[in-house]
Amino acid sequence: MLWSLIEKELKNNLLSMRFVFSLAIVLLVMLGSIQVRMDDYVQSTLDSRANAAAERQTHRDTHFWRFQWTGMFLERPVLPLGILVTGTERNPDPRFRVFQKSKPIIRPSGSIDRNPLVTLSTPVDIMFITGVVMSLLVLVLSFDAVSGEREQGTLKLLLSFPVPRSVLIFAKWIGGILTLCIPFIIGYLCLAIWILLSGDVRFAASDWLVFLLIGLSSLLYIAWMFSAALLVSCWFRHAATSMCMLLLMWVLLVLVIPNISPYLAAAFSPVDSAQSVHFKSMKITKELQNEENQQLQELQKRHNVPRWWQEDNAWREGVELVARSHDRQRQGTRAIVDRRTAQIIRQTDLAHIIGRVSPFVSYANIVTTLAWTGPGFEQHLRLLMREYEDQLRRMTTDGLKDQVPFSADMLPHFRYTPPPVGARFAQTLVDWAVLLSGAVIFFLGAYVSFVTREII
Amino acid sequence: MFIALLKKEILGNLYNQRYVITLVLLTLLIGISAWTLERAQETYLEQYAEALEGNKAEAEAAGKVWQFMSVGATTEKEPGDLSILGRGLEGEMTRALSYSGWNEVEVGTVKTFTPLFRMYAVPDFIYIINIIGSLLALLFVYDAVCGEKENGTLRLKLTYPLPRDYILLAKWAAGVLSLCLPLGLACLGLGVYLFFLPGFEVTLDHAIRFALVFLVSVLYLSAFFTLGLLVSCLTHRATTALMICLFLWILLVLTIPNLMPMVARALKPIPSEGKIAIEKQHKAREVEEWAGNTIRAEIHDMDEYHETVARLVAKALEGINQFRRNRVQEQMSLAMNLSRVSPAACYQFAASDLLKTGIGSFSRFQRYVAWYRQLFNQAKDHIIRRARDRAAGAGWWGGQDMASEDFALIPAFKPLGVSFADSLSGALFDIGIIITYNIILFLAAYTAFLRYDAK
């Protein structure tokens with residue numbers, strides 16, 4: 001009985017023109033955007049490699065003393081999963097400046113001469129295609145699931161058969177979700193085949209796992225939307241009314257709440273400006289540099305030399321003194337930056353809590369965390385860059401003490417590895433739970449409404 | 001006759017449930033957006049004041065000339081007053097810019113509170129009209145013709161001695177007027193809110209710009225309305241019309257404006273910053289070697305020689321910068337032209353230009369940054385020359401103390417205000433395209449309706 005009802009729903013939906021339209025749109029947008037995004041990825045990876053090599057070249061003629069003043073540029077890592085989800089990596093500055101004695105903050109570096117249109121537009125990625133386009137298609141496909149049949153009178157006929165209402169609504173739910181999953185799954189599979197065949201982007205095994213998880217979370221998000229649509233369709237008598245209500249809900253949930261929630265969070269949980277952090281850090285740096293100069297002068301007096309770098313013992317002691325002072329500068333700066341980072345985390349969390357009213361925020365949080373292009377990425381990257389700075393510090397101090405010439409080959413390679421998939425997945429558990437419970441609650445709502453309300 | 005038709009259509013719209021939803025939604029969203037962005041603007045202004053003071057203190061803390069040369073001056077643009085309505089490229093334009101004696105201009109981070117702000121679009125007035133307004137316009141009209149056919153009222157109407165063009169024109173005019181009403185009310189509310197906002201001074205310039213943005217918004221919504229009318233004239237069932245309208249909306253509003261900048265990036269790549277840096281290094285070395293072989297023998301004073309070489313190097317490097325800027329410009333024009341297939345992109349360009357946060361203002365700002373760099377370099381040379389005079393051969397110029405007159409030599413960073421005429425000339429092309437879309441779509445709808453089978 002249940003199966004024949006599901007079959008009826010499926011056939012009804014699959015043979016409709018709406019379904020064909022939806023499939024066409026999903027395939028067109030998914031495949032159209034992925035090729036552009038893969039090309040962009042290839043270009044960015046090539047640029048990033050060339051830039052890293054070029055950066056080493058620029059340090060060819062330097063020496064340790066100068067190196068610690070100028071510091072160096074590190075390329076912003078380009079992750080292959082970025083082709084699926086852009087997250088916060090929307091036209092970011094391509095490099096970071098690290099290990100600079102005069103300005104010890106690790107900071108992004110870019111040029112004012114860049115194409116700002118990319119900043120102005122919304123990236124067309126899986127998050128956008130599923131979160132915005134698919135969710136709209138879900139509403140279009142399901143707004144009249146119950147109210148439409150009621151208007152046509154077929155529902156009355158259906159109920160004259162010995163079919164329990166609970167089975168009927170359950171069949172509608174299953175049939176509807178299966179229909180909606182089909183265009184997504186077809187599109188997503190084509191995407192996987194396209195990525196495999198083109199060979200431009202190589203996914204590791206863990207990346208494929210993330211690919212799968214992103215697919216699953218997308219299906220869950222679609223199920224949420226469908227359940228909500230079913231509830232609305234059960235609630236209203238006319239198909240046109242339910243369509244209006246659903247579009248209103250969609251505009252609020254997908255286009256408004258996610259975009260407004262960061263601003264609301266900012267109003268309640270402020271964050272210091274980047275400039276103020278810079279000023280504080282420069283203040284500490286300046287104080288410590290004055291202290292360092294005084295200590296170096298004392299050192300000269302103690303060793304009784306006019307210039308501390310002219311005598312071997314004074315030199316070794318001086319280098320250590322400078323290294324210690326440099327360490328303290330970085331520690332002081334890091335403490336200030338950490339305070340701001342803590343504020344940022346607090347504000348981001350608050351924005352997520354406010355935003356979770358909308359399933360789109362939960363969904364966006366899941367996919368950006370899994371693909372590791374969300375707000376967590378830059379914080380993690382900065383931690384790894386700090387470790388890299390520490391390596392450079394050790395290298396520079398040793399090099400200065402032993403008075404070996406600087407060579408660009410000595411520079412360690414900076415490799416960014418994102419946290420393991422398990423850890424990233426664990427961060428998204430709350431959002432999975434929110435989406436799942438939303439889907440279940442809406443289905444129960446639809447169930448109760450369908451079972452108890454008058455049909456005629 | 002026409003008036004009677006128009007009246008009937010307008011009343012039909014006003015009593016419609018969809019109309020009430022449009023009215024409530026637009027007013028609500030525009031209100032929320034103005035409130036949130038105004039709160040954010042307050043913070044941006046506070047941060048700007050803080051940065052101004054800090055930058056000044058930081059520059060003046062440099063006691064010696066060499067210290068000033070290495071620290072340099074940091075400047076930033078004042079947050080634009082109209083950016084509450086359309087943030088556009090304001091974030092890019094208000095980044096801190098550091099000029100120093102021997103480095104390239106360094107830009108600070110984009111002024112957002114957290115990285116999360118980069119993930120979602122800014123919910124400003126332009127966004128609401130561009131995305132939500134266009135959707136509402138289509139929803140408003142999709143069944144204007146085919147719905148009446150389904151109901152049977154169209155057939156009835158055609159039995160009266162009414163020319164078909166009257167019917168369509170009445171539908172169009174009534175629809176656009178009915179759309180203008182909620183938009184006008186919302187804009188009026190917004191204007192009143194801004195007028196009474198403490199700290200926001202409404203000038204004539206603001207009023208004219210805002211009025212023009214309202215007009216462009218009406219034109220834009222009318223383009224989508226006419227598109228919906230065309231679809232309605234081409235289909236015979238309301239659900240089909242709705243499907244096609246949503247399909248077109250996804251394509252025109254969500255896909256084309258967002259995908260085209262990426263396509264342009266792939267078609268016309270810009271050399272990366274690392275590549276440019278290496279090229280600059282080679283160029284500088286080349287110029288230095290050339291100078292060593294040629295003019296070194298002619299110039300006897302070492303200081304003068306170094307100064308000449310530095311000037312030549314700076315000129316050569318500026319050439320490379322200019323090359324990159326041109327490539328960026330080419331990519332940008334391509335992206336804009338490709339996006340203009342969609343009226344949504346045209347609207348975004350035109351409205352943000354009128355609010356001084358558009359591409360035109362940004363390009364102007366980029367040029368000003370390059371120009372200010374030259375001014376700064378002239379001041380820098382002047383300061384060094386003065387320090388050299390003070391040292392007068394006894395010691396290094398860099399060891400001299402910075403005098404207060406030296407600080408006075410540094411030019412103030414004041415990007416020129418964008419005049420209304422400039423904004424308008426930037427926006428005019430896109431406004432023209434939106435009008436053209438309106439005309440073409442209306443003619444198409446007219447032709448389709450004349451041939452429409454009402455049976």
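The model is predicted: local features need pLDDT of at least 70, side-chain atom pairs count only at pLDDT 80 or more, and totals for chains, interfaces and linings use all residues. Residues are numbered from 1 along each chain as its sequence is written, chains are lettered from A and ligands numbered from 1 in the order in which they are written, and side-chain values use heavy atoms, with hydrogens and water left out.

**Nonpolar cores**

A nonpolar core is a set of buried Ala, Val, Leu, Ile, Met, Phe, Trp, Tyr and Cys residues joined through side-chain atoms within 4.5 Å. Buried means under 20% relative accessible area, exposed over 50%, and partly exposed in between, with a 1.4 Å probe and protein chains only. The largest nonpolar core has 194 residues, and those touching the most other members are Leu84(A), Leu191(A), Ile214(A), Trp250(A) and Trp249(B). Helix 9 of chain A (residues 205–235) gives the most to this core, 17 residues. Helices (H or I, at least four residues) are DSSP runs, numbered from the N terminus. A second, separate core holds 36 residues, including Phe68(B), Ala387(B), Met402(B) and Phe413(B).

Contact means heavy atoms within 4.5 Å. Leaving aside neighbours within four places in sequence, Trp250(A) is in contact with residues of both chains, among them Val132(A), Leu136(A), Met225(A), Leu135(B) and Trp249(B).

**Aromatic rings and charges**

Rings of Phe, Tyr and Trp (its six-membered ring) pair if their centres lie within 6.5 Å; planes under 30 degrees apart count as stacked, over 60 as edge-to-face and the rest as tilted. Over all chains there are 42 aromatic pairs. In one of them, Phe449(B) and Tyr452(B), the ring centres are 6.3 Å apart and the planes lie at 20°, so the pair is stacked. Phe449(B) is buried at 2% relative accessible area, and Tyr452(B) is buried at 5%.

One aromatic cluster is formed by Phe68(B), Tyr99(B), Phe365(B), Tyr368(B), Tyr372(B), Phe376(B), Phe407(B) and Phe413(B). Phe68(B) and Phe413(B) also belong to the second core.

A charge sits over a ring if NZ of Lys or CZ of Arg is within 6 Å of the ring centre and within 35 degrees of the ring normal. Arg95(A) has its charged end over the ring of Phe73(A), 4.1 Å from the centre. For Arg296(B) over the ring of Tyr305(B), the distance is 5.0 Å.

**Helix packing**

Axes are lines fitted to C-alpha atoms, for helices over the stretch in contact, and angles run from 0 to 180 degrees between N-to-C directions. Within chain B, the axes of helix 2 (residues 17–60) and helix 5 (residues 125–141) come within 11 Å and cross at roughly 175°. Helix 2 of chain B is therefore roughly antiparallel to helix 5 of chain B, a term for angles over 145 degrees. Residues that meet here include Leu25(B), Leu29(B) and Ser33(B) in helix 2, and Ile128(B), Ile132(B) and Phe140(B) in helix 5.

Helix 5 of chain A contributes Phe128(A), Val132(A) and Leu136(A), among others, and helix 10 of chain B residues including Met243(B), Trp249(B) and Asn258(B).

| Residue | Relative accessibility | State |
|---|---|---|
| His206(B) | 7% | buried |
| Thr348(A) | 5% | buried |
| Gln366(B) | 5% | buried |
| Gln68(A) | 0% | buried |

His206(B) lies in helix 9 of chain B (residues 204–234). Not counting residues up to four places away in sequence, His206(B) touches Asp81(B), Leu82(B), Phe200(B) and Glu201(B). With the same exclusion, Gln366(B) touches Ile112(A), Asp113(A) and Arg114(A), and Thr348(A) is in contact with Pro375(A), Thr114(B) and Leu116(B). Gln68(A), in helix 3 of chain A (residues 64–70), is 328 residues from Thr396(A) in sequence and 7.3 Å away in space, C-alpha to C-alpha.

Asn304(A) has a phi near 55°, positive in a residue other than glycine, and is exposed at 68%. Trp372(A), with a positive phi of about 60°, is buried at 5%.

Key: Helices (H or I, at least four residues) and strands (E, at least two) are DSSP runs, numbered from the N terminus. Angles under 35 degrees count as roughly parallel, over 145 as roughly antiparallel, 65 to 115 as roughly perpendicular and the rest as oblique.
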